[in-house]
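Subject: Structure for you to look at

Hello,

Here is the structure I promised to pass on. Please open it alongside this email, and my notes follow below.

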Amino acid sequence: MLRQTLSRQASASLKSLLKNSPGAKSPAALAALAHSLRVQSQNHAIVREYSSSTSSGTPKYRSFHTSDINQQAREVPGFPILEDPLIHNHSIPSFMVGTQNGFLPRQDPLEKLPEEYKELEELLQKMPLTLPDGSKGLLALGQFGEACKSLPQYDLSKVEDSELLSALYRDYTFVTSAYLLEPCDLSYRATGHYGLGRSVLPKNIAVPLVQVAEKIGAKPFMEYALSYALYNYRRVDKSKGLVWGNLELIRPFSGDPSEKGFIISHVTMVSHSGELVKNTMKTLDAAGKHNRQVFNDSLAKVVSTYEKINMEMDTMWERSLPADYLKFRTFIYGTKNQAIMFPKGVLYEGVSDEPMFHRGESGANDSMVPMGDNLLQLTENMPSNPLTAVLRDFRTYRPHNHAEFLQYVEDKARESQVRNFAEMDANSSAIYLAAVDQIRNFRNRHWSFTKEYIIKHTKHPVATGGSPIVTWLPNQLATVLRTMQEVGAKIDSTQLLPENKALVDVLTKRADAQARILDREVADLRKEIKDQDKV
């Protein structure tokens, strides 16, 4: 049903795009839709694919059977990326990779639901622990579950506007998480321990949520990009950029300033992702063509963009205080691998007789570092173990277009042998090493956040996404450090430019030292938080 819905939506979007929308003949938009349609369609379906234009500029279509889908996908010369985000277009999906918007939505999120959904809007306005006027909201009073009983069961089957669909998905996932996790939050605030969450999602929430999730091709549970973070901001001044001081939350759980800092910091980080996408593509192309100069220049720009992202990430310490994180963390837990809260998953009333299990919201679901992992061929060097399996599972929790793009980058990097091409030249190796170091920087800071924001305040063994709190991040960080050691050991220092020689020396020594420190940290923390291998 989901893939059939996606095929219908993509086909309808192509028609609507051509007839009604500004920039209707954008080849990038049409190609991106066709690519998504190819990947998402089921075998034996017949779909229409945009192929080229006639001499008059009129787009042509061709029908094909998707039983041969893999071969056709391989024929695509590159991944279609939007150069124009088409902000006035409400037919194509809100999340499509672009050189301007990067991994952010094409247009700013819809801030308030239309009047026909006023009961849902009012419920969300009353939901947070602390309301804007300082009074207690429904979650603080333990009354949210009861309030949900009066929520109408909206029929969303005919909604097609992509902006509205995205807003409804965001809002229903907020209601879902608040409803399911309200008892856990009440228990944690009273005792310091999470109790059982609600095991049944009532049909007036479950049915509309599944309807909208199927329409946008998402899981029926809160996701980082599609709801909690990247579709949850509004500009104070619409004429200004996505910068701290000009952004506010649309939907909070707690109403605490640190929750705003936590979410908005992710938005400001991802605001740099357009440059990252553009130069990742240039790096892949240069490696495939063995163009050394363009490869070095493009990869150096990837490094400088990750530097900006890491600098933005470092502001989290002051924008979102470590001691405040647990005030809202409960509501971003999932139902998968959460034996204490959801031992039997969650039954979606009116949808399925079988319980569902979903991972919770996590910054690990962002696409910027996975793109770097794939570009630098780090993903394929991750150890084959259950922790890496979790990493792969996490990468399914994101917009389809993003997931397809990440897979394209991974496949193209392997085909072009990015790492091998870098290692053929000492100075290219130095730039490659600097790029891997930026991934290290990001992952090390994420690990530092985990220690200071979470482990210092609770010994709960499972992270919000269902991964083991002590061992999961170090699994990836250790791979990054090992790669740096391997690459650094192969570099012929006599061939390096003076500035690169100093850089390589600093980076390799730091990787060696951090690898030793990480091993000791994990060993010590495993003594404090038991049974990590059983999570």
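Which hand does the crossing of helix 4 and helix 7 have? The crossing is left-handed. Before the rest, one caution: this is a predicted model.

**Helix 4 on helix 7**

Helix 4 covers residues 118-126, and helix 7 covers residues 162-191. Their axes come within 11 Å and cross at roughly 50°. That angle makes helix 4 oblique to helix 7. From helix 4, the residues in contact are L120, L123 and L124. They meet L168, D171, Y172, F174 and V175 in helix 7. By class, this contact has seven nonpolar residues, no polar ones and one charged.

Y154 sits in the loop between helix 6 (144-148) and helix 7. Is Y154 buried or exposed? Its relative accessibility is 11%, so Y154 counts as buried. The cut-off for buried is under 20%. Leaving aside neighbours within four places in sequence, Y154 is in contact with E116, Y117, K118, E119, L120, Y172, P208 and Q211.

**Helix 15 on helix 19**

Helix 15 (residues 368-375) and helix 19 (residues 426-455) pack at an angle of about 140°. Their axes are 10 Å apart. This crossing is left-handed. V369, G372 and D373 in helix 15 meet I439, F442 and R443 in helix 19. The residues of this contact divide into three nonpolar, one polar and two charged.

**Q532, towards the end of the numbering**

Where is Q532? Look in the segment after helix 21 (498-528). Q532 has 3% relative accessibility, so Q532 counts as buried. Not counting residues up to four places away in sequence, Q532 touches P461, P468, I469, V470, T471 and R526. S467 is 65 residues from Q532 along the chain, and their C-alpha atoms are separated by 9.2 Å.

**Two residues with positive phi**

L86 is not a glycine, but its phi is positive, about 50°. Find L86 in the loop between helix 3 (69-74) and helix 4. L86 is buried, with a relative accessible area of 4%.

H290 is not a glycine either, and its phi is about 55°. H290 lies in the loop between helix 11 (273-289) and helix 12 (292-314). Its relative accessibility is 54%, so H290 counts as exposed. The cut-off for exposed is over 50%.

**The whole chain**

How many helices and strands does the protein chain have? There are 21 helices and six strands. The chain has 535 residues, and 58% of them count as buried. Take the contacts between residues at least 6 apart in sequence: 75% of them join residues at least 24 apart.

Best wishes

Notes
Residues numbered from 1 in each chain as written. Predicted model: local features only at pLDDT ≥ 70, side-chain atom pairs only at ≥ 80, totals over all residues. Heavy atoms only, no water. Axes fitted to C-alpha atoms, helices over the stretch in contact; angles between N-to-C directions. Helix = DSSP H or I, 4+ residues; strand = E, 2+ residues; numbered from the N terminus. Parallel < 35°, antiparallel > 145°, perpendicular 65-115°, else oblique. Left-handed = near helix turned anticlockwise from the far one by under 90°. Contact = heavy atoms within 4.5 Å. Nonpolar A, V, L, I, M, F, W, Y, C, P; charged D, E, K, R; others polar. Buried < 20%, exposed > 50% of the residue type's maximum accessible area, 1.4 Å probe, protein only.
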